[in-house]
Amino acid sequence: MAEKERFLSKQDVYQGKIFSVEKRHVELADGSKAQRDIVHHALAVGILPLVDADHAILVRQWRAAADDFVLEIPAGKVDSRDHGNQEEAARQAAIRELNEEIRFHPGSLTAFATVYEAIGFTDAKIVLYLATDMTALVNAKQLPQDHGESLDLLTVSYDEMAALYQRGELNDQKTLTAYFYWTNWRLTNGK
């Protein structure tokens, strides 16, 4: 049977703009000691923006951690611009990210999953949404993109996304989860 570790102490090792690192000392069930390095990260959001039942908008951007361009759903972190409880703040962040990244506002925004991004070493969680009934935003209502953000927008059909998956070209966890959700959503909505 799995056993809970007992917390002994912690030391803050690093505090950055979007994450911090903690060194945690614990006692295991057998009495031995262990160290856990934990990355704490702000809550994030990701959005599957459907133009219609058969088409979604993806972004392609350079990701330094992957040292490559990555095709993904629009996403970002909850920050000081987002207010209210965690659920309200995440919803505001999703609406803002859709505006900043793809210049649309959702008529309907439905949370479909909250998942840990890499539970082995970080508490980072992401709330995933389905955005439908979207309206294109005119210049006066567009928010500025984040500093240094450079995106290509791609409208892909469901079949094109399925082909990307089958070729192994979807390698972003949130985008894979969104693709699987879209597959199920289409099945339950008669597509």
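User: How many bridges join strand E2 to E3?

Analyst: Strands are DSSP runs of E, at least two residues long, and helices are runs of H or I, at least four, numbered from the N terminus. Two strands pair if DSSP finds at least two bridges between them. Here, nine bridges join E2 (residues 19–27) to E3, and these strands run antiparallel. Glu22 stands opposite Ile38 in E3. One caution: this is a predicted model, where local features need pLDDT of at least 70 and side-chain atom pairs count only at pLDDT 80 or more, while totals for chains, interfaces and linings use all residues. Residues are numbered from 1 along each chain as its sequence is written, and side-chain values use heavy atoms, leaving out hydrogens and water.

User: Is Thr175 buried or exposed?

Analyst: Buried means under 20% relative accessible area, exposed over 50%, and partly exposed in between (1.4 Å probe, protein chains only). Thr175 lies in helix H3 (residues 173–188) and is buried, with a relative accessible area of 0%.

User: How is the aromatic pair of Tyr165 and Phe180 arranged, and what is the angle between the planes?

Analyst: A pair of aromatic rings is described by the distance of the centres and the angle of the planes. Rings of Phe, Tyr and Trp (its six-membered ring) pair if their centres lie within 6.5 Å; planes under 30 degrees apart are stacked, over 60 edge-to-face, and the rest tilted. By this rule there are eight aromatic pairs. Tyr165 and Phe180 are edge-to-face, 5.4 Å centre to centre, with 85 degrees between the planes. Tyr165 lies in helix H2 (residues 158–166) and Phe180 in helix H3, so the pair ties together parts that are 15 residues apart in sequence.
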